[in-house]
Amino acid sequence: MRRADAAAARWAHGAAGEETTARLLVQLEAAGWHVRHDLQVAGRRFNLDHVLTSPCGTALVVLDTKAWHRGRTTALVGGRVHCGTDDRHDQVVKVAGYAEVVAAAVGLRPDQVWPLIVVHGSPIAGGRLEARVPGQRGVVHVLGPDWLVPTLAGAPKARDPRRAAQLAGRVDSVLLPYTERG
């Protein structure tokens, strides 16, 4: 019974983090971002917390929300993401993998889908980290919530509303609302 209660508490804590992230992302919609929540790729069991289409229409962000221990700092240790002494790099690897799957499903190059993690609770050393995953180009950005909107708002260099709407439409046709059955 205790295990079930602990799992339910963790789920509720994570869901609260996702809701907080969703509220932050609303600010980006006025700047031309298309924001979707709680999606999946057909035939896959994992859920995508948030998928954002950039205002330029040439890139997506696969954003995973985490709620980590408030009393422990998240930092790079030996090139791996840790929350305090807990190695959390497996979660970095997962979101990088999700981004690759989304790129293939939507028909984009892997470098056009940016993996990003926003961490609620645990302070991020320096406010943001750039973690690498062996065998993959680019980085997984790990940000605190205060860095999320400014980082994304500053990313696109141009806006192409028509192209962004087309890419968002492709996302909507390929990525489905998440169901636990997958």
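Predicted model: local features only at pLDDT ≥ 70, side-chain atom pairs only at ≥ 80, totals over all residues.

A: A residue is called buried under 20% relative accessible area, exposed over 50%, and partly exposed in between.

Q: Which residue forms a salt bridge with Asp87, and how far apart are the closest N and O atoms?

A: Side chains of opposite charge can pair when their charged atoms come close. The partner of Asp87 is Arg80, with the closest N and O atoms 2.6 Å apart, and Arg80 is itself partly exposed, with a relative accessible area of 36%.

Q: How many salt bridges does the count come to, and which residues are linked in a network?

A: The count comes to 6 salt bridges, and a network of them links Arg72, Asp86 and Arg88. Within it, the side chains of Arg88 and Asp86 meet at 3.6 Å, N to O; Arg88 is buried, with a relative accessible area of 16%, whereas Asp86 is partly exposed at 28%. Another salt bridge joins Arg109 to Asp111, whose closest N and O atoms are 2.9 Å apart, and Asp111 is partly exposed, with a relative accessible area of 47%.

Q: What is the order of the strands in the open sheet of 3 strands, and what is the sense of their pairing?

A: The order is 4-5-6, with antiparallel pairing, and the edge strands, which pair on one side only, are strand 4 (74–77) and strand 6 (86–87). Strand 4 pairs with strand 5 (residues 80–83) over 4 bridges, and Ala75 has His82 in strand 5 as its bridge partner.

Q: How should I read helix 2, and what comes just after it?

A: Helix 2 has 18 residues and reaches 26 Å from its first C-alpha to its last, close to the 26 Å expected at 1.5 Å a residue. Its buried residues include Val92, Val95, Tyr98 and Val102, and just after the helix Gly107 takes a positive phi of about 85°.

Q: Which elements give two or more residues to the lining of the second largest pocket?

A: Rolling a probe the size of a water molecule over the atoms shows where empty space is left. The second largest pocket holds about 490 Å³ of space and is lined by 21 residues, with Val113, Pro115, Arg137, Gly138 and Val139 nearest its centre. Helix 2 (89–106), strand 7 (113–120), strand 9 (140–143) and helix 3 (145–153) each give two or more residues to this lining, and strand 7 supplies the largest share, 4 residues.

Conventions. Residues numbered from 1 in each chain as written. Heavy atoms only, no water. 1 Å grid on protein atoms, 1.4 Å probe; cavity = no way out; pocket = protein on both sides within 12 Å on 5 of 7 lines; lining within 4 Å. Points joined across faces, edges and corners; volume = space filled by probe spheres on them. Pairing = 2+ DSSP bridges. Expected span 1.5 Å × (residues − 1). Buried < 20%, exposed > 50% of the residue type's maximum accessible area, 1.4 Å probe, protein only. Salt bridge = Lys/Arg side-chain N within 4 Å of Asp/Glu carboxyl O.
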